[in-house]
Amino acid sequence: MSGSAWIGTWSATGLSWLFLALAGVAEIGWPVGLKLAQTPAGRWPGTALALACLGVSGWLLWKAQQHIPLGTAYAVWTGIGAAGTFVVGVLVFGDALTPLRALGVGLIVAGVVALKLAH
């Protein structure tokens, strides 16, 4: 593989990982939107946030899968979404932060890191 082809491949793969990270962040928005939609005042804004984040997250995941294997992309996407939603739940909604719950989310993050390193 020539030097320019390698750089082009790396750039496309790097961009796919950026898309995947952003998709994971957007994935956090839809469960937050659903939580907000549980109150009368937040019903429509929360629903709109959830739908927008679903669309953005799905599109970015689709773009990421151009250069990242399906299983890896899906696991990383859901891992970022799950860990991020956990953090938002604790910081914004007062969800319990117990040692066992922290260990669980730490294992999710470790799995995501392992998948990235294995790619």
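First, the conventions. The model is predicted, so local features need pLDDT of at least 70 and side-chain atom pairs count only at pLDDT 80 or more, while totals for chains, interfaces and linings use all residues. Residues are numbered from 1 along each chain as its sequence is written, and side-chain values use heavy atoms, with hydrogens and water left out.

Now the chain. Its secondary structure comes to four helices and zero strands, and from the N terminus on the order is α-α-α-α. Helices here are DSSP runs of H or I with at least four residues, strands are runs of E with at least two, and both are numbered from the N terminus. Along the principal axes, the C-alpha atoms fill a box of roughly 60 × 35 × 20 Å.

Of the 119 residues in the chain, 31% are buried. Buried means under 20% relative accessible area, exposed means over 50%, and partly exposed lies in between, with a 1.4 Å probe and protein chains only. The chain exposes about 7,200 Å², and carbon and sulfur atoms supply 76% of that. Those areas come from the Shrake-Rupley method with a 1.4 Å probe. Among contacts (heavy atoms within 4.5 Å) with a separation of 6 or more, 66% are between residues 24 or more positions apart.

Next, the helix pair. Two packed helices are described by the angle between their axes and the distance between the axes. For helix 3, residues 70-93, and helix 4, residues 99-118, the axes come within 9 Å and cross at roughly 150°. Axes are lines fitted to C-alpha atoms over the stretch in contact, and angles run from 0 to 180 degrees between N-to-C directions. Helix 3 and helix 4 are therefore roughly antiparallel, a term for angles over 145 degrees.

Val109, in helix 4, is partly exposed at a relative accessible area of 42%. Its C-alpha atom is 9.7 Å from that of Gly84, 25 residues apart along the chain.

Last, Ser16. It sits in helix 1, residues 3-36. Is Ser16 buried or exposed? Ser16 is buried, with a relative accessible area of 2%. Not counting residues up to four places away in sequence, Ser16 touches Lys63, Ala64, His67 and Ile68.

Terms used. Angles under 35 degrees count as roughly parallel, over 145 as roughly antiparallel, 65 to 115 as roughly perpendicular and the rest as oblique.
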